[in-house]
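Dear colleague,

I am passing on the structure below, together with some notes on what was found in it. Please read them with the coordinates open beside you.

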Amino acid sequence: MDDNMMKDNLASKSKRNSVAEAILVRWKWNDHEKYRTFLRLRYGGRSETQYDLKVKNSEKSKEKITVLIHADQLADFPRTEQVNQVVKMLTDEMWKWDPTVRVDFHEKVDRLLKTKAER
């Protein structure tokens with residue numbers, strides 16, 4: 001293994017690439033790869049990194065995981081504002097969610113944040 005590959009590997013597992021407690025979106029492309037299908041929200045694991053997400057969900061994989069927002073970006077907001085911010089991000093047009101599938105993002109986000117509060 002050359003020095004550059006080793007540096008890249010170490011950097012990819014560093015704390016700055018951590019997705020611990022970040023809100024992650026699991027999704028997949030529809031059959032025509034025109035729209036995305038929402039699968040679920042989850043929190044990043046304590047030792048999980050961006051590198052781990054790429055390895056688990058390679059380019060060839062149908063399912064993808066995208067970091068929506070890091071925990072520190074929501075920390076200063078009251079819970080209702082956290083829900084509103086995350087819903088706003090999820091309903092942005094850039095996601096191109098499948099219009100034939102109705103998802104109650106407010107309920108999904110509220111449930112996810114509620115589970116964190118109960119921990």
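Contact, as the word is used here, means heavy atoms within 4.5 Å. On that basis, and not counting residues up to four places away in sequence, L41 touches I23, L24, V25, L90, K108, V109 and L112.

Before going further, please note that this is a predicted model, in which local features need pLDDT of at least 70 and side-chain atom pairs count only at pLDDT 80 or more, while totals for chains, interfaces and linings use all residues. Residues are numbered from 1 along each chain as its sequence is written, and side-chain values use heavy atoms, with hydrogens and water left out.

L41 lies in strand β2, residues 36–43, where helices (H or I, at least four residues) and strands (E, at least two) are DSSP runs numbered from the N terminus. With a relative accessible area of 9%, L41 is buried, a word that stands for under 20% relative accessible area, with exposed meaning over 50% and partly exposed in between (1.4 Å probe, protein chains only). The strand as a whole is mostly covered, since 6 of the 8 residues of β2 are buried. Although L41 and F105 are 64 residues apart along the chain, their C-alpha atoms are separated by 9.6 Å.

Strand β1 (residues 23–29) runs antiparallel to β2 and is joined to it by 7 bridges; two strands are taken to pair if DSSP finds at least two bridges between them. L24 stands opposite R42 in β2, and in the hairpin of β1 and β2, which has 6 residues between the strands, E33 takes a positive phi near 55 degrees.

A nonpolar core is a set of buried Ala, Val, Leu, Ile, Met, Phe, Trp, Tyr and Cys residues joined through side-chain atoms within 4.5 Å. The largest has 19 residues, and those with the most contacts inside it are I23, V25, L41, V86, L90, W97 and V109. At least two residues of this core come from each of β1, β2, β3 (63–69), α4 (79–90) and α5 (105–118). A second, separate core of 6 residues includes V19, A22, L53 and I65.

Lastly, E48 lies in the loop between β2 and α2 (50–56) and is buried, with a relative accessible area of 7%. Leaving aside neighbours within four places in sequence, E48 is in contact with N17, S18, V19, A20, L24, R42, L53 and K56. A polar atom of the E48 side chain lies 2.7 Å from the backbone nitrogen of G45.

With best wishes

Definitions and conventions. Polar contact = N/O pair within 3.5 Å; in protein donor to acceptor, adjacent residues only side chain to side chain.
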